Amino acid sequence: MGSDEAVRVRGLVKRYPNKVAVDGVDLDIHRGEVFALLGPNGAGKTTTVEILEGYRRADQGEIRVLGVDPARGDRVWRSRLGIVAQTSRDEAELSVAELVHHFAGYYPNPRDPDEVIASVGLTEKRRTRTRKLSGGQRRRLDVALGMVGNPELLFLDEPTTGFDPEARRQFWTLIENLRTAGTTILVTTHYLDEAEHLADRVGVIADGRMVEVATPEALGGRGARTARVSWLSADGMREIRTDEPTAEVARLMAQYGGSEVPELEVRRPSLEDIYLELIGAVAAAPELEGAAR
Ligand code: ATP
């Protein structure tokens with residue numbers, strides 16, 4: 001295994017009695033990168049992540065996480081991981097500070113618990129019992145518990161569900177800081193803007209299979225897709241598909257004598273457009289298929 005791979009998976013299969021949840025997934029996550037796993041409900045994301053964490057057993061496949069087969073991971077290996085699962089740990093009667101300090105004690109080389117509490121924006125709530133936190137605050141506490149052990153590899157399963165927009169932006173900054181500090185991060189999310197903002201690479205999983213792995217900019221050939229130029233003409237909204245949007249805008253400017261072109265917009269397919277196409281939720285629209293005008 002190359003030492004730059006934090007995760008290396010080949011041919012992962014997980015079967016439940018009525019369902020093949022993961023059906024031959026390959027996955028490489030490089031050390032130091034933020035990797036986002038995207039996919040619809042039931043695609044197999046949590047199953048995959050929990051196998052990597054050592055909480056579930058694979059039926060088939062070759063799996064290495066920080067160089068170790070998770071099925072044989074010991075305490076030392078586990079202490080190198082940080083885990084923010086979908087459901088919170090229930091320690092309702094402890095305060096935020098008590099809980100984070102308590103968790104720090106499990107690890108050989110923890111971060112300063114008070115700094116961690118501050119970094120997730122819970123300093124004001126440090127003496128509050130966890131059962132009195134709001135949903136978003138509880139989720140921030142989960143993130144604090146996942147990072148207090150100073151992990152080499154951090155798993156975040158839908159970490160920002162329930163966050164308000166401001167909290168989500170703060171969380172993004174937190175993740176960027178962790179990445180700068182060298183932490184490898186695997187995040188699952190249903191928020192495409194979150195994946196686009198945070199991830200070095202994204203993997204799209206659908207029905208237990210990895211459909212594509214790429215940078216957010218390149219997914220589905222996105223960067224090379226045809227642009228749409230739209231504006232409000234005298235006859236109503238007009239839209240032109242073109243591989244040369246700049247030339248189209250120049251033509252419109254000339255047509256409008258250099259004055260403002262009403263409601264002018266240049267658009268390429270968003271990550272969400274590409275994602276929905278990849279998971280088969282929408283048919284590939286003609287404007288998403290190469291050059292055409
Ligand atoms: P979500 O976005 O909803 O969290 P997911 O991509 O994480 O979905 P998984 O939780 O991995 O999906 O589930 C994949 C499939 O396996 C689903 O069809 C689910 O119903 C099934 N499944 C998951 N856990 C079990 C289990 N313990 N027993 C039986 N089937 C299961």
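**A close look at the ligand shell**

A: Let's start with the make-up of the shell around the ligand: it divides into 4 nonpolar, 7 polar and 4 charged residues. Keep in mind that this is a predicted model. In total, 15 residues surround the ligand, and the closest are Gly42, Gly44, Lys45, Thr46 and Thr47.

Now for the side chains that reach ligand oxygens. Asparagine 41 has a side-chain N or O atom 2.9 Å from an oxygen atom of the ligand. As for cover, the ligand on its own has 640 Å² of accessible area, and the protein covers 65% of that.

Which elements supply these residues? β2 and α1 each put at least two residues into the shell, and α1 gives the most, with 3 residues.

Three strands make up an open, antiparallel sheet in the order β2-β1-β4. β2 (19-30) and β4 (60-65) are its edge strands, each pairing on one side only. Neighbouring strands here are turned by 15 degrees against each other on average, ignoring direction. Helix α1, residues 45-52, packs on this sheet and touches β1, β2 and β4, with its direction at about 120 degrees to that of β1. Within the sheet, β1 (residues 5-16) pairs with β4 over 5 bridges, in the antiparallel sense. One of the residue pairs to look for is valine 13 with its bridge partner in β4, glutamine 60.

There is also a sheet of 6 strands to look at, open and with mixed pairing, in the order β5-β6-β7-β3-β8-β9. β5 (81-84) and β9 (209-214) are at its edges with a single partner strand each, so one side of each is left without a neighbour in the sheet. Here too, neighbouring strands are turned by 15 degrees against each other on average, direction ignored. Inside this sheet, β6 (residues 153-157) and β7 (residues 184-188) run parallel and are joined by 5 bridges. Leucine 156, for instance, has valine 187 in β7 as its bridge partner. A helix packs on this sheet as well: α5 (residues 135-147) touches β5 and β6, and its direction makes about 170 degrees with that of β5.

Conventions: Residues are numbered from 1 along each chain as its sequence is written. This is a predicted model: local features need pLDDT of at least 70, side-chain atom pairs count only at pLDDT 80 or more; totals for chains, interfaces and linings use all residues. Side-chain values use heavy atoms; hydrogens and water are left out. Two strands pair if DSSP finds at least two bridges between them. Helices (H or I, at least four residues) and strands (E, at least two) are DSSP runs, numbered from the N terminus. Axes are lines fitted to C-alpha atoms, for helices over the stretch in contact, and angles run from 0 to 180 degrees between N-to-C directions. Contact means heavy atoms within 4.5 Å. A residue is near a molecule or strand if one of its heavy atoms lies within 4 Å of it. A polar contact is a pair of N or O atoms within 3.5 Å; within protein, one must be able to donate a hydrogen and the other to accept it, and residues adjacent in sequence count only if both atoms are side-chain atoms. Accessible areas come from the Shrake-Rupley method with a 1.4 Å probe; for residues, only the protein chains shown count as cover. Ala, Val, Leu, Ile, Met, Phe, Trp, Tyr, Cys and Pro count as nonpolar, Asp, Glu, Lys and Arg as charged, and the others, Gly among them, as polar.
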